[in-house]
Structure formats: structure tokens, C-alpha cells
Amino acid sequence: SVTSSDDGSPLPGVSVQVKGTTRGTSTDATGKYQITVPADGRLVFSFIGYVIQDVAVNNRTTVNAILQADATNLNEVIVTGYGTQLKREVTGSISTVNAKQISDLPITSVEQALQGRAAGVQVTQSSGTPGGGIAVRIRGASSISAGNEPLYVVDGIPINTGSYSGIGVGNSQQNALSNLNPSDIESFEILKDAAAAAIYGSRAANGVVLITTKAGKAGATQIDLNATYGQQNTWKRFTPLTGPQFDGLLNEMVTNRYPKNAAGNIVAFGTSWPTYGDLTAAIFGDGDDANKFRDASQFNDPSTVTTSTNWYDQIFRQAPISQIDLSVRGGNERTKFYVSAGRFDQQGIILGSGFNRLSTRVNVDQTVNKSLTVGAKLSLSRSVSNRIQNDNNIYGVLSTAVLLAPDVAVRNADGSFARDPVSSVENPLAAATLPQLTGVELRTLGSAYLDWKIPFVPGLSLRSTASLDLLNFREDQFNPSTALIGRGANGSGIARSAQDLNWLAENYLTYRKTALSGNLSINALAGASWQQSTFESVLAQATNFPGNSITRLSAASVKSDASSSGTSWGFQSYFARLGFDYKNRYQLQLSVRDDASSRFGANNRYGLFPSVSAGWRIVEEPFMKNQRVLTNLNIRGGYGLTGNANIGNFSSLGLYGVSDQFGNNVRYLQSPGTAPTQIANPDLKWEKTAQSNIGIDFGFLSRFNFTAEYYYKYTTDLLLNRPIPSSSGFTNFVQNSASMENKGFEFSLSSQNFNKGGFRWTTDANIAFNRNKVLSLADGVPPFAAGFASWVAAGEAIGSFRGYVTDGIFQSTDQIAAANAAAVAKFGTGAVYQSALTSPGDIRFKDINGDGRITSDDQQILGSAQPKFFGGVTNSFSYAGIDLSVFYQFVSGGYIYNNTKAFSEGMNSIFGQTDGVLNRWTPTNTNTNVPRAVYADPNNNRRTSNRFLEDGSYGRIKNVVLGYTLPKSVLQRLKVRSIRAYVQGQNLLTFTKYSGLDPEVNTFSGSSTALGTDFLTFPQARTVTFGLNLGF
Amino acid sequence: CNVLDQTPQASLDSATAINDATTAQAALYGAYNALQTANAYGTRLTLLPDLEGGNLTHTGTFPSFAQIANRSILTDNAEVTNAWNILYDGVNRVNNVIAKVPTITDPTFSADNKNFVVAEATFLRAFYYFTLVRLWGGVPIITQPTTVVSSALQVAKSPAADVYAQINADLDKAIASLPATYAGAAGKGRATKPAALAMKAKVALYQQKWADAASFAQQASTGYSLVPKFTDLFEAKNTAESIWELQQDPTNQNSLAFFLLSTARGGRNEVRPSTSLATSYSATDARAILTTSFDSKIKYYRISTQDDNIIMIRLGEVLLTRAEALNELGGDANLATAVTLVNQIRTRAGLTPVSATTAASQSLMRDEIFLQRRLELALEGGNYFYDLVRTGRAATRLANWNPNQALWPIPNREINANPALKQNDGY
């Protein structure tokens, strides 16, 4: 029999060959084999992932072999587009992440598995929202407006991704990938360069993530149960002002805004006020004199204020997270199966948020006869998101916790939620608990295939697949009249249902042949694919509910909206690949795809995407045979074209719509209306990326494997909403025009540092440096703004920030007078440097263009959200059943625009403030960079400037897993295959200078151009989980 | 099946979007629709000039509103940009109707009906440009639909006088063809001949063509009467006084009440009536808009259905237009008529007639008419700020006034997209 050196388990499917003959067999499910062999012959055992063994028979009748796992991984099989390859045959750039690396981690959505583990793959969770949007950038961003997310291909199906929600609750997005169960995944292969990805043609410019689910295995049936439970909490919170501090601040703001006049009187709004407290109360007290919410006395003596609410403590919570997965895997030579069921349940660390998922999967392969294999993969999942209002939203939960004043109580005496009548923001606890919004996503991913080894032509086989990705998204919103968001409408609700049906039919032939006495091996592939996706949605909206108990729309008396809509796209593609390998040393691979899509304009229906790559495995050269140091040395390079077809389904057509170009419904007099929405562009086509890649792989002493790669991506025909004069009636015109480049280095290392006496220590590390630059926008297209402070301009990176530059704080009226005098000298009487109301304590902004006054031209690029480098390091240790793995992830050199701070330290209005404002400028506290407090901020100290731009670099101990596996001796007595218990910590330590709640953030979830912006965004949690793996 | 053959399901090909009576009507409704969107009179253009003129104060969160309240507007102000965009979108909708309807060959679409549709569209074009010229002064005049992108879209500003000439030419065409009324109360939602006459009078007022203003205002008054109870104008829709009133319903809402009302009433408390406005009313004035308890009944209050109609022009304003024109024309007879007209407004509001001293003085009457326009038309169509500018009172009534503040900046994006445009002075 044949067993593995790892754990002594039998190895089924090992190829056993009599050396020098074509005679061979393979081992059965229990690792046993039978073969006729001369008594003095030799047997060759080979199995993927293991070192080939050559054993002399020596007259034995039983020859047992123990195969060593191959540390060089060169015989590892990796999944490529439309097939698999041995790792050593790969000439493109592919990173792999295995099930093993992520099995113990609390992962909501599969993209999280890639974070820090694959060189050049930058994964940013836009927020800590359970089931929320995640941005994945493979080798940088290569699009401005057509999306930068990679193509996800699950078991061969390019699936629909993104957000299916049609109900706005702020910026946080839904993420359709979160309904895949990460536990079902065997491996992720990330196709990074054109040589690897061009086979996916017009959809591959952002890279391709191939997700392969677990397949059945011949051998004893294995039942695995994995259960985890844990708790999440914030790792950082803001310190708000106390009630007295806050009311003191308000009074100071008003005092600074309305200084006493020459006669010593307080005059404002055409009235004279006895004290500043009276004036402040008039502004912040709410107008009803008899029943002021804040009165003059509390401003004149803030120490009398007794209410000090810490809203953060009201909405943040310790929240449970749990997962349980059961899988059964087994089969024999003819039938193999994998079935699983899992449940994942996560409550968010912000009250009211949560996500849970139920999923099942069945993967079956059946060998019908020598030439025919059929199989099917089917998964069903249901995920439920409890969503909360968020981010840029006066009803958002965290938003209101930041923005509501601390002198407001949580509840009124009668138990109802207290609100600030002067402020438009909701009570945070009411925001978290009263409105309901549930999104339910049902997803069926299914495919069936047949593999036919065509008998007449050895080496030729046909694979036909039919696949389906059916997604149903249903959401129900109810805003009761007790919540501010529903109060005006006397209760409001939305019910919406969306369905996306994506089908795929593919047929392809593969051909393998060796020639020239086995020195040349050829593999070829040719096929065709048809795919269509049809989206439909129905929405109903109603207001005026009879109460807050019936939340269904049938109860509402005013049906305010009812609509249905649909859209669709289709692709028709042909693809081919041809590979040569001469003597295992020289490799050449060519691939091509021809894509036609319904999205492309009439003049550009077909796109051709070729690639070529070559490899030289120097280590196989005869002159390397006698050295023992290098176990691998391989140089490879490639070039190819890929596209981005994510250009909108009907962007090329001139259209009149029932909602206008700004999204307003076009109706009047209870009759339908139409409005022009876009100008035709029959030339519209995919964005085109040309990518070159060169890589070198080293292996030393069977212990270290090192890969270095350099790439250059040049993207042209970028889709741009070219701004046109809106006096034309259209604000922009969609055109292929801009160009952009990404270039960078990637390094990855895997090392067996120590392996003796049962103690094993390995390190896996990767780091990537990417430089992105927009090379040109279209002729006549000026740079344009995105998000709050982001800027897209030729010569700058995507995600750049632009704004004013602070130049200290005006300390005296003399300084202001001098600046104003210079402005008057240039622009005449009345001219001022910044604002007529600038006073000491206000920020002085830099006069960038030197014209003597501050205008919108005095803004400049302040930095970019894109990091200079990022990566991850995993150290794994094992000894006597104990395993420990420490995963450190880092991002360095990117900036964050902290728009939260522009409000929480803005000191311009009634909004709650954080303790940073305690260091504000006053005549006695002048050595500070926080300006004075002044009502209405006449100097616009809050304008977009480097004041709110912060270094977003961070390093964090992303995961630590400590586990203990019970020894075999104990297990045998318990009749259990394996038992392992572990404890896991996520985000245990974060090292950053960023002052916000979390440096991994983007309020513009899903945006290509507005990156690294924090605005009242749900932070990441620190999570500790305990888990148990049981194997039977 | 051919996977490449996909067609839009919620849009029409623009080449065939207006090709019969039904689609022409839909495109015309589309042209009305732009006026009542949130960035036009549906919220912003009704409230922002009153915020700028001081009838409203800013209590909310939008920095773009704060800039307008402070009259320190940056060229990238979102409200300014959005208003420009939607108004010109409206112009393009109108131009499509005007250009395409006469070419429709649908036999069921009679020449008369085509004329009506074109006349309504022409009226709307005049109104769009009237809004543009008041906010920005000279603007590009576009009278053809946009179908292709070319450098020809980079149109320079025409002087304000040319814009007014275009407005008057369109209004004259509309007056010649529009019907006097439409069936049903909601017919007030569409352009009628009196609406065009009333608008023509108002435009004349801005051009200080007093005789025209007086004459057209008089013609526009026929068939309308003041409602005895002022608040009925807003509590009942489409009253006998209303000449043109944008129609809203629960499926076609606006956010006026939402922006004005306090959070306690379900609003967002973005703006509220100013102390200055509230104290301008006398205690007995039926039109009073108060800062305190202002929620109960201001002109827009249907927060739960958000379907407050927006009165674009009504007899009350036309009477004041005529009074102002006559007063400016001067002469005892004109002055006496002006006093009578103003007294109609005062009486309805529960005030006593103007004093003899005021009635005898052209200059005092000028102030009285200005005040009555403010009190009568507060929060309607932004009249107060335009009146401050047009009558030259802004310098004395508004703090830190700079004449450049009379106009909004041309949006930065528009200047960038159209090199032929020159920014307004002071921005």
C-alpha cells in the first residue's frame, strides 16, 4: 500500500508504474494496488503534490511506499481558466490561497480570505458592516468608471457580484459574494497578468479570481464538523465632550461670531441681547421661548448642565459571531462526492446590524465508463442582512452617535427617545432600534458537466457545461412613525424584489500529446461560450401606516410608488490556448479570446484578446544537474491584452427614459413622462489593458521558495463620463478616452525555517509595490472631483486627494490686516485674503497660486489613498499537536480623508464633538493646530484641506490561531479520526497613526475614484473565537 | 437565441421617442417634470433665493446651503451646479418637443393639437430662461435639441438683454396659441394664456418696462379672483386665485415641507423662517409666517404625503405687479389704482388700507409695494431675493452686500466643460 508521510493516511489514486514500460495502475481508495512486475524490476510511484519515488522490487510481493509531501510545490496542480496546470508549467502570474490558510478564521465573505495572503492583491473592507462591500484590487486600479473589481469565476461560472440592494441607507453596500460559504472553498487562484487572464478576454482587465469548491475524494468517507463561537467588539472608540464642555463650546462659538460692538453691546439679528447665554439660547435653544430646550442660564454657566450622554456607549456592543459547518466527503474510483451544510451568524458591533447565512452544497462526479465522466455542483444559500442606516446620513446609527450633542438625554421622562429640536439628526438608539430593514438573498449556483475522452483521437477530450447563477434579493424596509425617518410620512415602507438569472453554456475541446520521444508535450484548448444575464426588479413604496405594528405595505394608506424594471446583457465568446513544453525546460503558451457583447456599440461588436508567454526552467538544464542548492530556478514572461466590459448595459444607445439622467422619476399630472437620458455613442467598447509581466522563481535547499515579479499594465480606451456643457441638456457623454498605467513589483516567500524534533516553523510572506497613474483624460476633459476630497487628473494616481493647504493659524488681527491689505492692493477696496470675517484663531490657508487671496484655484493634490506597499506575513509553528499561526497584515503609505473629523471637530454647529476640540485655539491656547470655535464658521476652517488628511498606514495582527490536536492514540480509543480545538483572535493589535475608528475604511463603498475616505463609517471589529474541529 | 440581442426595458430609442400624440404628450410632461424636481422649484429654487435674501435661515447640515445663506458661494456649490444642470435639461426637453412635434406624421395628431403642445413647450422654455437669467444673468441661449456631441455644444453667454428678448419672443408665441383654461382643477398645472400673460408682465417688471407690465398684468387678471382666506391658497389646491400651479401628488412628491419642518414634525430642519421675516408681519396679518410654532401651517406642510402644490404665479402677485408698474409710471390716476390694488391685498390679509400719507406718495407706495410683495410671496418662487436685487434694495437690506452677489457663479464644472463661458464677476 501507499501512504503519506504527513499523517500515515492511505493515498488513493497514486500512479504506480513499472519503470521503463507503459504498464501501470493506480491505488484504490485504501491506498492498495496490484501490479505484475519482474522480480528485479523497479516501481515508480507518482502523485501530485508528492515527491516521485523510485523503488526496487527486490523479489518482494508486497512493496509499500511512503510518499513525502513535496515542499517545493512544483508538482502542485493549480486551477487555471478552463483547466488545470502543474505549477511548474505555469508561465503566467497566478497566486493561490488554500482552504487550509483560512479554515479557522471568522470570515463573512470570501474576499476576506485573500487579504494579505496573495502578493499584489489588495483587499479593503469598506466598513465593518457584516456582509458589507469589500474592494479587491489586483495590481492596482485599471479603470475610472467601469469598475475595478476582478471577475469572480466559481467552478467555471463567471458569477454576478456587487450590491443588489435598491434601498439606500447610506453608503455601505450589500455584497452578493457574502452568500458563498468560505468553508466550501478548496482554493482561490488569482490570475494576475494577461498571460493567465486573457482567456477571460473582455472581463479580465482587473484580474480573475477562480474559486474552486471542494470536490469528493475517493477513499474512506470523512465527516467533518467545525464549530466556532466568538465575540466581537470595538478596538477603539472616540471620547465625546461632556454636556458642560459642549454647552461651553456652543457659547464660545456664538461669542466669537458676534463680538461686542464698540458700545459694549451684544448685537445680533438686529436685536440687542443681555448676555451671550441669551443669544446662544436663541440660536441653539429652539425657538419656543416658553419651553426652551436649552436656556440662557446653562450657557452662562455650563457647569450646571447635568446631562452628559456618551452616545458611543449606547450603540456599540459586544456582539456574538458563530459558525457551524458539517461536511461529508468520500467516494470510490467511480463516484466521488462532497456534501456540506453550514450556518454562519454574526451580529454587528453596532446595535441593529447583523448577518446570517445558511448554505448547502452538493458536488458529485461520476465516472460512467473509461471515456465518460459526468458531474454536477449545486449550492443553495440564503443570507439575511439586518441593515442599518449608515455613513452620510442624518438617520445613520454611528452617524447620529457622532453628530448628536451630549447634552441630549437618551430618553425623555416618559420613556420616549429624546431628540435635539435644533438638530436634524436622529437619536442614535432610536436609529438603531426603530427602523427595520432586512435583505434576504437566495442564491442557487449550479452546474452540470460531461467530460468525454474522444476515443478516436487519443488525448482529445470534450467538456460541455451548462451552468446557472440564480440570485433572488428581497428587501423590506419599515420606518415607523416613532422614528424621525418615518415621522414625516407617518410611517413609511418599501418592499422590493430583484432577480438576476445568469446562465452559461460552454463547450471546449482539450488535447494533450507528447512528441519527439516524449521531449515535447503539447496541450491545446479551443472552445465557445454563451452567457446571458437578465435582471428584473419590482418595487413598491407606501406611506401613512395605521400604527407601528403592521409593517407590511398592505396596511399603508398612501401607495407612493410602484415600479418594475429590467435589464440584461449577453456575451458570445470563442477562446483557444496552445502550450508547448520542450524537455521540461522551455515553455511557450499562447491564448486568445474573442468576445462579443450586447454592451458594445454597433461599430465595435467584437474584441480580440491575445496573450503570449514563455518560461525557461533553468534548473532543468543539464548544467544545473550537479548542484544541490537550487531546487528551482525559473524565468518567465508574458504579454497580452485584456478588457473591461463593465461599461453599462446600454451605454452606447441614445435614450429617452422614464426617469431622467439624474434619477428623478419623470411624471406629471399623474401621467407618464419621458426625458432624454443619454446621447448615443455607437463606437463604445471595452476598456483595453495591455500587460507585460516578468517573473523569476527560486527554490533553495527544498526549504525556501521565492518569487519576484515585475509588471506593467497600460490601460487605454478608458470609459469616461466626459463632462460636456450641461447647457446642452446632458451633463456628460460616455466615451472611451482616458488612459492609465499601473506598474509594480511583487515578492513572495515561503520558507520552512525549522523542522526538527517535531517542531516545525514556516513563514509565508508577500509584499507588493504598485504605482498607479492616470496618464490622460480625454481631450477637453478637465480633472474632476469625486467623493468629498478625491480628484481624478492626468499625471496623478486614482484616489488622489485635492484641497487647500493649511498654513498655521492667524494669531493676531495684525496678521489678518496685513494679508487683507495685500489683497486690497491687488484687487481693490473690499478685497480680502480669505473672508471678511477672518479673526485670530482662524486657519490661514496657503495662497498656492500667489495671487494674494484664497480662491478655489488655491487647491492642490494633497496625497493619494493608494498605498506605497502592502502585504502580509504568516508565521506558523507546530509542535506535539499544538499549532500556532500568526498573520500580520500591513498597508503603508496611503492617506485617509477623515471627513468624520471635519464634523466631529468642526465646531460650526450643533453637532456633537470629540475631545480633539478641547485643544482649540483661544487667546490663551495659541500653540495648537485646532482653530477657534466660531458659529457658522465664516472663515470656512472646515473646508477640504490637509487638516483632515491623515496617514492611513497600518499594520495589524490580523489573525492569531492557537490550536491543539489530540494525539492519534487518544483518538483511536475514542473512535474518532481527529479532534482539534483552537482559539482565534482577529484584529488583536493595530498599529496606526490614523485618528479615526479604523484605518481600513472607505465610506464610498464600491467607488473606483473616491477611495480612502472615512465618514461616519462602521469600523472593523476585534474578534475572539473558539473553535472545535471533529473528524469522523 | 442570440445573446447579443438585448434591448433596454425602461427606455426608448431617442430617434423614435417622440413620434405620435401620446409620446409627444409624455415628452411635454417630461418638460414640466424638470421644473418640479428637487433641484428646481421642487425644493431648491423655491427655498434658496429666500435663504439668500434672508426670509429663511439655515439651521441644517448642508454646507452648500450654508454658502448660499452666507452669500459666499463657491463655484463648485452643489446646489448651484444641480440647478443649472436641471434647468438646461428642462430646456433640452422643451427643445425636443418644439423641434420634433411639428414633424410627427401621426394622422390622429391634429395640427391644432400639435400647436397647443408646442405652445406649452414654448411657454416652458420662456420660464426656464427667466429662471436662468434671474439666477445667472447672461447665459447661453440654446433653442435646438442636442443629439450629437461636438464642439458646437460650447455656446458662449448671451447678454441678459438677449435672454430677455428670447423669453419675450417665446411668451408672445405662447400667448398667441395657448388656451385660456384646461378642463379640471389640475388643469392649473399646465400653461395657459393667462399664465403666459402674467409671466410676460412679471418679465416686464424685471426689465422695468412699466407700461407693458401694467398692461399684461391687467390682461392676466381676467377670470381670477382673490380667495377670501389667505391660507386657503395652500390648504386647498388650485383655487380661483391660482394661475399656474405645479401639481404634486403622493406619487410625485417634493421635499419642501420636509426641508422646512422641524424634526419633531418629521422634517429635516434644514431651513426655517427667519426672525427678520417673522417680525415683518403685524400681529393681525393672516399671512404671517412665524419662526416659533412655524410648523403648524406654513405654505408647505403636507409632510406625510409630500404633495404640496407649488404655486408659480397667482392673482395676488399679478395685482402687486400691476400696482408696482402703475406706481412707477406715476401720475395721480395710476397712483390711485395702485393704492386700490395694494389695498385689495392688504384687506385680504386682514390689514387696514394704506394710510393717506402713503397713498399720496409714489416713494412711500414703492416701499409699501415692496413690503407687500415680501409678505405676500414669502417662500414662493424666490421672489424676495430677486426683488431685493431688481429694486436696488439689496445693498441696504442685506449685510455685507457686494453687487457681485446678485448673481450666482456659473458652475465650475460648466466653465471647465465649456471654454467659451466666462465666469460671472466676483467668482
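The model is predicted.

Start with the contact between the chains. Chain A puts in 76 residues, and chain B puts in 79 residues. On the side of chain A that touches chain B, the elements giving two or more residues include helix 9 (484–487), strand 26 (520–543), strand 27 (558–582) and strand 28 (586–597) of chain A. Strand 31 (655–657), strand 32 (667–668), strand 33 (671–672) and strand 34 (675–678) of chain A are also among them. Strand 27 of chain A gives the most, with 11 residues. By class, this side of chain A has 33 nonpolar, 36 polar and 7 charged residues.

Strand pairing also links the chains. Strand 31 of chain A is joined by 3 bridges to strand 1 (residues 11–13) of chain B, and the two run antiparallel. There, A:Tyr656 has B:Leu12 as its bridge partner.

Now turn to chain B itself. Helix 12 (residues 315–329) and helix 13 (residues 332–348) of chain B have axes that come within 8 Å. These axes cross at roughly 155 degrees. Angles over 145 degrees count as roughly antiparallel, so helix 12 of chain B is roughly antiparallel to helix 13 of chain B. Their crossing is left-handed.

Which residues meet here? From helix 12 of chain B come, among them, B:Leu319, B:Leu320, B:Ala323 and B:Leu326. Helix 13 of chain B answers with residues including B:Leu335, B:Ala338, B:Leu341 and B:Ile345. B:Arg322 in helix 12 of chain B also takes part. By class, the contact of the two helices has 10 nonpolar, 5 polar and 1 charged residues.

Methods: Residues are numbered from 1 along each chain as its sequence is written. Chains are lettered from A and ligands numbered from 1 in the order in which they are written. This is a predicted model: local features need pLDDT of at least 70, side-chain atom pairs count only at pLDDT 80 or more; totals for chains, interfaces and linings use all residues. Two residues are in contact if their C-beta atoms, placed from the backbone, lie within 7 Å. Helices (H or I, at least four residues) and strands (E, at least two) are DSSP runs, numbered from the N terminus. Ala, Val, Leu, Ile, Met, Phe, Trp, Tyr, Cys and Pro count as nonpolar, Asp, Glu, Lys and Arg as charged, and the others, Gly among them, as polar. Two strands pair if DSSP finds at least two bridges between them. Axes are lines fitted to C-alpha atoms, for helices over the stretch in contact, and angles run from 0 to 180 degrees between N-to-C directions. Angles under 35 degrees count as roughly parallel, over 145 as roughly antiparallel, 65 to 115 as roughly perpendicular and the rest as oblique. A crossing is left-handed if the near helix is turned anticlockwise from the far one by less than a right angle, and right-handed if clockwise.
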